[in-house]
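Trainee: I have a model open and want to talk through it. Can we start with a helix and the sheet under discussion, then move on?

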Amino acid sequence: MGASLDLAALRARTPVDAPVNLAATRQDGLGCHSGKETMQQAAQAAGMGETLDALKRDYPVGPHDQPQSMCPAFGSLRVGLRMRRTATILSGSACCVYGLTFTSHFYGARRTVGYVPFNSETLVTGKLFEDIRDAVHATADPALHDAVVVINLCVPTASGVPLRLLPREIDGVRIIGIDVPGFGVPTHAEAKDVLAGAMLKVARAEAEHGPVAAPRQPRDGRPTVALLGEMFPADPMQVGALLEPLGLSAGPVVPTREWRELYAALDCTAVAAIHPFYTASMREFEAAGRPAVASGPVGHDGTAAWLDAIGEACGVAPSAVAAAKNRFLPAIRGALAANPIRGRITVTGYEGSELLVARLLVESGAEVPYVGTACPRTAMSEVDRDWLEAKGCRVQFRASLEQDLAAVEEFGPDLAIGTTPVVQKAKERAIPALYFTNLISARPLMGAAGAGSLAQVINGAMAQRDRFDAMRSFFAGVGEGHAAGIWEDVPRKRAAVKRAGPEKPVGEMA
Ligand code: SF4
């Protein structure tokens with residue numbers, strides 16, 4: 001904003017023809033700190049009820065409200081920033097945008113994140129929407145972009161800033177406006193689906209209305225299986241090798257890295273729901289008449305069942321499926337046997353591949369008493385849930401941090417795989433721990449390559465137990481209770497300020 005703000009001129013502007021929730025702008029209380037219900041009420045009042053209902057249908061909460069995780073919008077932002085010829089613009093509070101851009105660049109985005117700032121005046125008058133529209137027009141250069149993505153964060157969503165009124169396209173550049181509020185989308189994993197689903201919807205409509213761009217890599221004519229959910233780069237190659245004897249090939253991974261891949265993905269024969277919570281994306285595949293196949297080719301049992309399901313979905317002759325199984329399964333069994341994992345492991349995470357990782361660990365010989373995932377239970381996760389429960393594993397969907405920590409406490413594992421706070425808590429307890437995102441998601445899981453890939457890092461971590469015990473006994477008492485903090489003198493008890501009740505020991509679990 002310039003130094004002299006002409007409020008009269010701003011108020012005189014014709015607001016856009018959608019309700020703007022003025023109450024939402026009168027205080028600095030709206031944001032993830034102000035409570036989900038407050039935000040939801042504000043959004044309802046601003047005419048966003050339909051959007052919230054749709055998000056609730058696609059991403060159901062429960063058994064509890066919302067897992068603790070990063071700002072969900074990061075998922076959508078990351079998907080947009082990874083796509084070629086795609087510009088991404090955020091509309092939200094400056095503090096949210098700061099955090100989101102920081103995290104994006106921390107993860108190596110190497111891309112500009114657009115931002116349309118706002119204040120109370122621009123929200124009240126509808127000028128924010130006009131600013132977004134101007135930004136979109138300025139950005140939509142067909143020489144540079146196939147699509148411009150605009151993401152409404154919490155406050156603009158709660159205030160009803162109507163991205164649906166943006167032009168659908170400008171000079172051939174698609175404009176994709178999505179609402180990704182933290183009070184409507186539970187996890188950043190599901191926010192990836194919000195954008196992927198919105199893009200697939202547009203791409204499907206385009207494909208239905210005429211010829212569309214061909215894939216950059218020419219196809220060999222074999223029917224394809226599109227892959228749903230982000231995965232380690234070697235995994236699609238493994239999947240391609242598994243599909244080859246079935247006369248199929250691996251299609252694009254959704255979220256895609258380029259707009260034209262969306263058409264190729266929709267042109268598949270079946271879609272593999274490797275990540276089972278991509279509800280909006282699956283709706284588009286279903287509308288395009290493409291059947292979905294649950295789970296993924298992990299381990300011996302997982303690969304066998306997946307090849308059967310793919311064969312059935314794609315109409316492959318049973319003899320071809322049997323031949324593929326005869327070719328691959330002995331090698332997978334051999335890799336699992338050659339790389340055994342012996343120990344009790346708890347698995348927790350928010351990526352969406354937690355159940356697949358747990359399956360692979362069990363097939364490698366590990367005892368896995370607990371898997372917690374921040375993602376919801378869906379029809380596509382049933383196969384893995386059934387298999388794991390039959391092996392004695394407790395599967396917790398929408399797991400909260402408290403549930404994950406309680407599982408570590410309850411099962412006393414030899415290794416805890418999890419998110420940062422879980423790893424931190426486990427290490428405090430001298431339990432070796434590995435970060436799911438950095439160390440487990442960064443390895444192949446599928447086919448023969450995946451079969452032995454986890455053993456080295458997991459066995460290496462479990463072998464550190466003695467060192468953890470030695471460190472724990474060496475540092476016993478340091479940084480705990482009265483020894484926490486920085487003291488210049490030996491701390492003395494002060495009767496006058498002594499608490500009445502027993503103190504809760506620092507570091508105890510809730
Ligand atoms: S956009 Fe993200 S960081 Fe900002 S208020 Fe919403 S959930 Fe919190």
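**Talking through the model**

Mentor: Helix α10 (residues 234–243) lies across β6 and β7, running at about 150° to β7. Helices (H or I, at least four residues) and strands (E, at least two) are DSSP runs, numbered from the N terminus. Axes are lines fitted to C-alpha atoms, for helices over the stretch in contact, and angles run from 0 to 180 degrees between N-to-C directions.

Trainee: Before we go on, what kind of model is this?

Mentor: This is a predicted model: local features need pLDDT of at least 70, side-chain atom pairs count only at pLDDT 80 or more, and totals for chains, interfaces and linings use all residues. Residues are numbered from 1 along each chain as its sequence is written.

Trainee: And what is the mean pLDDT of the chain?

Mentor: The mean is 87, and 89% of the residues reach 70 or more. pLDDT is the predictor's confidence in each residue, from 0 to 100. Over residues 1–19 the pLDDT is below 50, and that stretch has 24 contacts beyond near neighbours in sequence. A contact means that the C-beta atoms of two residues, placed from the backbone, lie within 7 Å.

Trainee: Where else does pLDDT stay under 50?

Mentor: Over residues 503–510, where the model has 10 contacts beyond four places in sequence.

Trainee: Back to β6 and β7. In what order do the strands of that sheet come?

Mentor: The order is β7-β6-β8-β9, an open sheet of four strands with parallel pairing. Strands pair if DSSP finds at least two bridges between them. β7 and β9 (292–294) are the edge strands, each pairing on one side only. From one strand to the next the twist averages 30°.

Trainee: How many bridges join β6 to β8?

Mentor: Three, between β6 (residues 224–228) and β8 (residues 270–273). Val225 has Ala270 of β8 as its bridge partner.

Trainee: What joins Val254 and Pro255?

Mentor: A cis peptide bond, with omega about 5°. Pro255 sits in the loop between β7 (249–254) and α11 (259–266).

Trainee: What about the other sheet, which strands are in it?

Mentor: It is an open sheet of five strands in the order β12-β11-β10-β13-β14, with parallel pairing. Its edge strands are β12 (394–396) and β14 (433–435). The twist averages 10° from one strand to the next. Helix α17 (residues 401–411) packs on this sheet, touching β10 (344–349), β11 (367–373), β12 and β13, and its direction makes about 170° with that of β11.

Trainee: How do β13 and β14 run, parallel or antiparallel?

Mentor: Parallel, with three bridges joining β13 (residues 415–418) to β14. Gly418 has Tyr435 as its bridge partner in β14.

Trainee: Switching to helices, at what angle do α13 and α15 cross?

Mentor: Roughly 125°, and the axes of α13 (residues 299–314) and α15 (residues 354–363) come within 7 Å. The two are therefore oblique to each other; angles under 35 degrees count as roughly parallel, over 145 as roughly antiparallel, 65 to 115 as roughly perpendicular and the rest as oblique.

Trainee: Which residues make the contact?

Mentor: Gly299, His300, Asp301 and Gly302 of α13, with Arg359, Leu360 and Glu363 of α15.

Trainee: Last one: is Arg110 buried or exposed?

Mentor: Exposed, with 8 C-beta neighbours inside 10 Å. With C-beta atoms placed from the backbone, a residue is buried if 20 or more others lie within 10 Å of its own, exposed if 12 or fewer, and partly exposed in between. Arg110 also has a positive phi of about 50° although it is not a glycine.
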